[in-house]
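Visitor: I have a structure open and would like to learn how to read it. Could we go through it feature by feature?

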Amino acid sequence: MNDVFPLSEKYLDFLKYECSCEFLEGTTAAGKTTVAVPKFMFKIMNYTGTKPSIIAGLDLGTIEKNIINADNGLIEVFGDYNQGGCIEYHSSGAGNIRMPHILFHTQNGVKIIYILGYDNVKRWKKALGGQCYGLFIDEFNIADMDFVRESFMRADYKLCTMNPDDPNKECYIEYVNHARPIEKYKNDGPQELLDMLNEEQIADWTWWYFSFDHNASLTKEKKNQIIESVPKGSKLYKNKIQGLRGKATGLVFDLRKENIITRTQALNMNFIRYAIGVDTSYSKKSHDKLTFTLIGITEDRKCVVLEEQIDNNRNREIPFAPSDVIPRTIEFAEKCKLLWNINKLTYIFIDSADAGTISEGQKFKRMSHCIYQFVPAWKKTPNLIRVQLQQSWMKTCDFLVVDECKNFIHELNTYSFTEDGDLEDGNDHSIQGGQYGWLPFKKMIGNWELIKHFIKDNTKDETLEYDIKRGR
């Protein structure tokens, strides 16, 4: 097959891997269906039994266009039976089989493969009257769930391809999230997708992630053409280009190259204020993160994200607790002081909803008399106003990020509005931590005199403002 369709190492590993159920998720044009269908056919070719198999898609026309008659599709790869190949396709049925089907001529006999659109309930219910050997479901994320449930329990081998979609869909919760990547590729995929594979693992169910980079036949020009044709920030861009699950649409932040600086550039800036923001999470199942974010504010009123540290409790045998987070926070603060030559770093702002961690911090200070102030995050400024402030500062290059803060940059490129116009719940853990750091000092950033007339925010922290005036 490599002579017909050049394959990356990961696809070669996929073709050789044996298990009972596989899910292929990733970007558009990654070659998922093109490679998955031949593997499915090879499995049927080596099957010595007589049970039929099923190829399912949105509708018959879509299956014919994307799988049967496509470039590198079934007929091209395996050959038309009438011209000496293996594939005999009957779109309207033939003989005793009245449904669309393929007769696959193999060394182990002729195999029957039903072609089903999951849009046609009457037809697929007729096909699912008994057991089947192989089940291939294309575009699994939009498949009819009644069809999925009925067909999964009847098939010996299942293979499904999909683009990422709304993470709350039943197809993920009931099926995909029960799968795991193989050891070699356990970290090869977006972290937020890996974090979502958090349901109890079922047998040998396997999850594969494929992107543009895994499609060895995709030219750089074609890749750029595909990316540029999808509106940046749209739901389509997030799902099909970034390869991320999400029902959100429209990016919150417009991160430009001017907003990203190097560590060397940051070290040459004159900072007059530093703070650390801590966003906490202790869940063992969710993809929520514990984030530490160091921000600095310069003499010329720029806010810079300087350093970050990310952790979570997922799959930890011994999960960390609030009492463990305080030593980690202090360790992060001490590391930042050395890396950034900071003489004075006092404030550590912790998510005010996490009373337990704040209490542990204040207890630690009483017992150790450490120099740090563990302060509840200043969250009286509404979330939308925080976003508006940061959007404004980014446009005027008064909000910058050091290029080594990869997670923060990733969130800025991912954080989106929902279809209802609200801010999505996710992809913002580092962003929130950064906000906790700069919120009490927001009047020291950008052109506050100009912007304050447009921000309906009269909140203030008198203690912190008093400290700022005194240069503390």
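Visitor: Let me start with one side chain. Does K380 count as buried or exposed, and at what relative accessibility?

Guide: One caution before the answer: this is a predicted model. The cut-off for exposed is over 50% relative accessible area. K380 has 60% relative accessibility, so K380 counts as exposed.

Visitor: Where does K380 lie?

Guide: Look at the loop between β14 (373–376) and α14 (383–395); K380 lies there. Then find L439. K380 and L439 are 59 residues apart in sequence, yet their C-alpha atoms are 9.5 Å apart in space.

Visitor: Let me zoom out. How many helices and strands are in the chain?

Guide: The chain has 18 helices and 15 strands. Its C-alpha trace spans about 90 × 45 × 40 Å along the principal axes. Of the 472 residues, 54% are buried.

Visitor: Now aromatic rings. How many aromatic pairs does the count come to?

Guide: To read a pair, check the distance between ring centres, then the angle between planes. Centres must lie within 6.5 Å. The count comes to 30 aromatic pairs. One of them is Y347 with F349, at 5.6 Å centre to centre and 25° between the planes. That pair is stacked. Y347 and F349 are both buried.

Visitor: Why is the pair of Y347 and F441 tilted?

Guide: Stacked needs planes under 30 degrees apart, and edge-to-face needs over 60. The planes of Y347 and F441 stand at 45°, so this pair is tilted. The ring centres are 6.2 Å apart.

Visitor: Which parts does the pair of Y347 and F441 tie together?

Guide: Y347 lies in strand β13 (residues 347–350). F441 lies in the loop between α16 (429–438) and α17 (448–451). The pair therefore ties together parts that are 94 residues apart in sequence. Y347 and F441 are both buried.

Visitor: Which residues do ring pairs link into a cluster?

Guide: Y11, F14, Y17, Y185, W208 and F210 are linked this way. F210 also has a lysine over its face: K10, at 5.3 Å from the ring centre. Elsewhere, K43 lies over the face of Y157, at 4.6 Å from the ring centre.

Visitor: On to cysteines. How many disulfides does a search of the whole structure find?

Guide: Check the distance between sulfur atoms; the cut-off is 2.5 Å. The search of the whole structure finds 0 disulfides. Take C21: the nearest cysteine sulfur belongs to C160 and is 5.7 Å away. For C336, the nearest cysteine sulfur is that of C405, 9.1 Å away. C21 is buried, at 0% relative accessible area. C336 also counts as buried, at 0% relative accessibility.

Visitor: Last, pockets. What volume does the largest pocket have?

Guide: The general idea is simple. Rolling a probe the size of a water molecule over the atoms shows where empty space is left. Here the largest pocket has a volume of about 720 Å³. It is lined by 31 residues, and the closest to its centre are T28, A29, G31, T33 and T34.

Visitor: Which elements give two or more residues to the lining of the largest pocket?

Guide: They are α2 (32–46), α3 (60–68), α4 (74–78), β7 (155–162) and α9 (220–228). The largest share, 5 residues, comes from α2. By residue type, the lining of the largest pocket divides into 13 nonpolar, 12 polar and 6 charged.

Note on methods
Residues numbered from 1 in each chain as written. Predicted model: local features only at pLDDT ≥ 70, side-chain atom pairs only at ≥ 80, totals over all residues. Heavy atoms only, no water. Phe/Tyr/Trp six-rings, centres within 6.5 Å; stacked < 30°, edge-to-face > 60°. Buried < 20%, exposed > 50% of the residue type's maximum accessible area, 1.4 Å probe, protein only. Helix = DSSP H or I, 4+ residues; strand = E, 2+ residues; numbered from the N terminus. Lys NZ or Arg CZ within 6 Å of the ring centre and 35° of its normal. 1 Å grid on protein atoms, 1.4 Å probe; cavity = no way out; pocket = protein on both sides within 12 Å on 5 of 7 lines; lining within 4 Å. Points joined across faces, edges and corners; volume = space filled by probe spheres on them. Nonpolar A, V, L, I, M, F, W, Y, C, P; charged D, E, K, R; others polar.
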